[in-house]
Protein chains: 2
Amino acid sequence: MRTRPLKVALLGCGVVGSEVARIMTTHADDLAARIGAPVELAGVAVRRPDKVREGIPAELITTDATALVKRGDLDVVVEVIGGIEPARSLITTAFEHGASVVSANKALLAQDGAALHAAAEEHGRDLYYEAAVAGAIPLIRPLRESLAGDKVNRVLGIVNGTTNFILDKMDTTGAGYQEALDEATALGYAEADPTADVEGFDAAAKAAILAGIAFHTRVRLDDVYREGMTEVTAADFASAKEMGCTIKLLAICERAEDGASVTARVHPAMIPLSHPLASVRGAYNAVFVESDASGQLMFYGPGAGGAPTASAVLGDLVAVCRNRLAGATGPGESAYAALPVSPMGEVVTRYHISLDVADKPGVLAQVATVFAEHGVSIDTVRQQGKDGEASLVVVTHRASDAALGGTVEALRKLDTVRGVASIMRVEGE
Amino acid sequence: MRTRPLKVALLGCGVVGSEVARIMTTHADDLAARIGAPVELAGVAVRRPDKVREGIPAELITTDATALVKRGDLDVVVEVIGGIEPARSLITTAFEHGASVVSANKALLAQDGAALHAAAEEHGRDLYYEAAVAGAIPLIRPLRESLAGDKVNRVLGIVNGTTNFILDKMDTTGAGYQEALDEATALGYAEADPTADVEGFDAAAKAAILAGIAFHTRVRLDDVYREGMTEVTAADFASAKEMGCTIKLLAICERAEDGASVTARVHPAMIPLSHPLASVRGAYNAVFVESDASGQLMFYGPGAGGAPTASAVLGDLVAVCRNRLAGATGPGESAYAALPVSPMGEVVTRYHISLDVADKPGVLAQVATVFAEHGVSIDTVRQQGKDGEASLVVVTHRASDAALGGTVEALRKLDTVRGVASIMRVEGE
């Protein structure tokens, strides 16, 4: 084994960073054996230098992250600050000064992954980011390496633990959205401002990263259709149960049937209870991958948390250090397929639509005519009368989002339709 | 991209080999883009050269596998023959003549993994074998690379599709073992001679490979305790249901609580219905991994079949080719921890024991005394009388296999114990 240590700088020392530092110290011998050389924590950039950080020598702490990444003697920079700046500049500077980078920064990778990969390649360095998607669950490496000889057609993922906790709570207790969110907040599963989670921004960033790797195509955050889950109601769960389904916030990356384009989207959807994703409980994450040769795979585990995310960071750190010793780099960006990313209107799926309608003869015929005029074929209809009002639940065959949108717009104009209570996509069948 | 192709030889062209050849041909452009150079099928060694093999030029077919691996211009040899010889000699010869090797051969890796890894390292070549464990499911790479910075404590796997199909059928239909086996045979899930599957030999080979990688320790097939599932009965499933459990044939690799030794075993076991492995249906495989930092991960997918196994082989082929172009090798054997492998007697778990006893006063006291004398603590007891006979179902707290064995031996000697109807371990709690 080489005795001269590999030097690692840590940018950020919060929940994840402190776990990375702790494991680097307590498992130093194991890491050295697995890498083939010892690793040394060479510096830790933080915002609050006066905070007590157990196990980290005070002389390693600095507030000058830029000076740290410019040292020139670093082998690897681990970025666990999050957000766009200063993370982006620091990573770029790290490459310029000869370090490889391990990052857990989904927002940055989803927005600027191509430019960062280009910088890594220009300087002959690695950029690894397993921790950016679904915490400890190995996903980037299996998609990029294990499935490198296969053709991925669809990725269906529960990639946000906060929203899965809320939806699971609504499903199992009958709670409404606000009540379930309050519990998630009380238990520390939701942040004080839950917007990034419940509006799907976090999941959309992960969808962009997963779609890019799965389809060997650049997919940016702006390419991902996004719909949050704040409007899912207890009534929606009741409808889902009648369909033999539950509701999950899904990140869905799909290759079109003709193979010539891809889509990426995040929205709540009904999935059958028999689908492996339906039984993913609490704050757990899981990603279901459908490929030509391997068929259906699923990867399941904790999608967040300090220790799980640190595990993913350290797996990358070991790989990057091994590459470093071998004088090589691992697989970089693979975007050769360069498939067009289609807009949401071209996505084809099934829909569950609840309408409040007047309780009088001929309404079903009117509604059915609107669906037919827009080329949306109906699978089942269920009518329920209540106090002069009635509800109509329509489940469609597969249709494009654009056709469904046109249908709904026309339905709203019917005198006999009092309102569209909910529209939910049905996936995973 | 490099234009000179990498040369690949295929040893074996059965269910898996023919799929590997087919995908190499039909996806040649994708493989080239992902590798950075084209790959060329340079030769295919078969036993029956006169069989029609669609898509493979006749001039590539040879019956002389030894001459093929000695060519000297091969970059990668893909071994999908299976069995110990001639596979072992061919792989060793391939290394000696400069090729890296991708293998799907679980029996060989479980028996001679250390020697083969040593041969690969001596010649500076790669030995990859993702396809050897659980078909298409990425397991070797996640354990070896993604979890390289973590400490794995337990691997619990359903790694044999045939037996999972049979047990699932018994569970869902109430069928007996023979009836379920007959159906598995009729559907092609079981071979004419199902011994390797139903007696746990196949799962034991996979357990040896998984334990070795998970614990950075050499674990050979002989180190794995093995018990088949041919004696699981419909009555066992009824007992499991009363416990809120189902029965699975599990491969279990564990680190002892003090961390100083490991065990590997294959046997049927009860697991709670709430455990993610309980809902793995039909011929699917899944492996549940518990680690210090990442917590609980599960990997799920098809564990066998031509196309899924070919997907795993091709993933390895891409990785090995990339390494080849970079002039590097991937991670080899990691056995530095060299932990002792403890015998089955030292395994600690819970037990579900059904006894046929005389229906008279004092029997329970006698039985309880025997458990106490052997240091096995009882969790629950249930008595059921039937026609002068009675049954006693005992569920224990955690105890060593040796202590339980001594208990059962002593129970058999009691006059009031007519027979031990079944002993089943309880896992995953």
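**Figure 1. Contact between chain A and chain B in the predicted model.** Chain A contributes 46 residues to the contact and chain B contributes 47 residues. On the side of chain A that touches chain B, two or more residues come from each of helix 2 (28–35), helix 6 (140–146), strand 12 (295–302) and helix 12 (306–326) of chain A. Helix 12 of chain A gives the largest share of that side, 11 residues. Sorted by class, the side of chain A that touches chain B holds 27 nonpolar, 12 polar and seven charged residues.

**Figure 2. Strand pairing between the two copies of strand 12.** Strand 12 of chain A pairs with strand 12 (residues 295–302) of chain B. The sense is antiparallel, and the pairing runs over three bridges. Opposite Met298(A) stands Tyr300(B), a residue of strand 12 of chain B.

**Figure 3. Overall form of chain A.** Chain A contains 14 helices and 17 strands. Its radius of gyration is 24 Å, close to the 22 Å that the globule rule gives for 429 residues, so chain A is as compact as a globular protein of that length. The C-alpha trace of chain A spans about 85 × 45 × 35 Å along its principal axes.

**Figure 4. The six-stranded open sheet of chain A.** The strands of this sheet in chain A follow the order 3-2-1-4-5-6, with parallel pairing. Strand 3 (61–62) and strand 6 (127–128) of chain A are at the edges; each has a single partner strand, so one side of each is left without a neighbour in the sheet. Strand 6 of chain A runs parallel to strand 5 (residues 100–103) of chain A and is joined to strand 5 by two bridges. Val102(A) has Tyr128(A), in strand 6 of chain A, as its bridge partner. Helix 1 (residues 15–26) of chain A lies across strand 1 (6–11), strand 2 (39–45) and strand 4 (76–79) of chain A. The direction of helix 1 of chain A is at about 155 degrees to strand 2 of chain A.

**Figure 5. Strand 17 of chain A and its pairing with strand 10 and strand 13 of chain A.** Strand 17 (residues 417–426) of chain A pairs with strand 10 (residues 262–272) of chain A in the parallel sense, over two bridges. Within this pair, Ala269(A) has Arg425(A) of strand 17 as its bridge partner. With strand 13 (residues 348–358) of chain A, strand 17 of chain A pairs in the antiparallel sense, over eight bridges. Here the bridge partner of Arg350(A) is Val426(A), in strand 17 of chain A.

**Figure 6. The six-stranded open sheet of chain B with the helices packed on it.** The order of strands in this sheet of chain B is 3-2-1-4-5-6, and the pairing is parallel. Strand 3 (61–62) and strand 6 (127–128) of chain B are the edge strands, each pairing on one side only. Strand 4 (residues 76–79) of chain B and strand 5 (residues 100–103) of chain B run parallel and are joined by four bridges. Val77(B) is opposite Val101(B), which belongs to strand 5 of chain B. Helix 1 (residues 15–26) of chain B packs on the sheet, where it touches strand 1 (6–11), strand 2 (39–45) and strand 4 of chain B. The direction of helix 1 makes about 155 degrees with that of strand 2 of chain B. Helix 12 (residues 306–326) of chain B also packs on the sheet, touching strand 1, strand 2, strand 4, strand 5 and strand 6 of chain B. The direction of helix 12 makes about 170 degrees with that of strand 5 of chain B.

**Figure 7. Packing of helix 4 and helix 5 of chain B.** Helix 4 (residues 87–96) and helix 5 (residues 106–122) of chain B pack at about 15 degrees, and their axes are 10 Å apart. Helix 4 of chain B is therefore roughly parallel to helix 5 of chain B. The crossing is right-handed. Helix 4 of chain B makes the contact through Ala87(B), Arg88(B), Ile91(B), Thr92(B) and Phe95(B), and helix 5 of chain B through Leu108(B), Asp112(B), Leu116(B), Ala119(B) and Ala120(B). The contact of helix 4 with helix 5 of chain B has seven nonpolar, one polar and two charged residues.

**Figure 8. Packing of helix 7 and helix 8 of chain B.** The axes of helix 7 (residues 161–173) and helix 8 (residues 177–186) of chain B are 9 Å apart, and the packing angle is about 125 degrees. The two helices of chain B, helix 7 and helix 8, are therefore oblique to each other. Their crossing is right-handed. Contact residues are Thr162(B), Phe165(B), Ile166(B), Lys169(B) and Met170(B) of helix 7 of chain B, with Tyr177(B), Ala180(B), Leu181(B), Glu183(B) and Ala184(B) of helix 8 of chain B. By class, the residues of this contact between helix 7 and helix 8 of chain B are seven nonpolar, one polar and two charged.

Terms used: Residues are numbered from 1 along each chain as its sequence is written. Chains are lettered from A and ligands numbered from 1 in the order in which they are written. This is a predicted model: local features need pLDDT of at least 70, side-chain atom pairs count only at pLDDT 80 or more; totals for chains, interfaces and linings use all residues. Axes are lines fitted to C-alpha atoms, for helices over the stretch in contact, and angles run from 0 to 180 degrees between N-to-C directions. Angles under 35 degrees count as roughly parallel, over 145 as roughly antiparallel, 65 to 115 as roughly perpendicular and the rest as oblique. A crossing is left-handed if the near helix is turned anticlockwise from the far one by less than a right angle, and right-handed if clockwise. Two residues are in contact if their C-beta atoms, placed from the backbone, lie within 7 Å. Ala, Val, Leu, Ile, Met, Phe, Trp, Tyr, Cys and Pro count as nonpolar, Asp, Glu, Lys and Arg as charged, and the others, Gly among them, as polar. Two strands pair if DSSP finds at least two bridges between them. The radius of gyration is taken over C-alpha atoms; the globule rule is 2.2 Å times the number of residues to the power 0.38.
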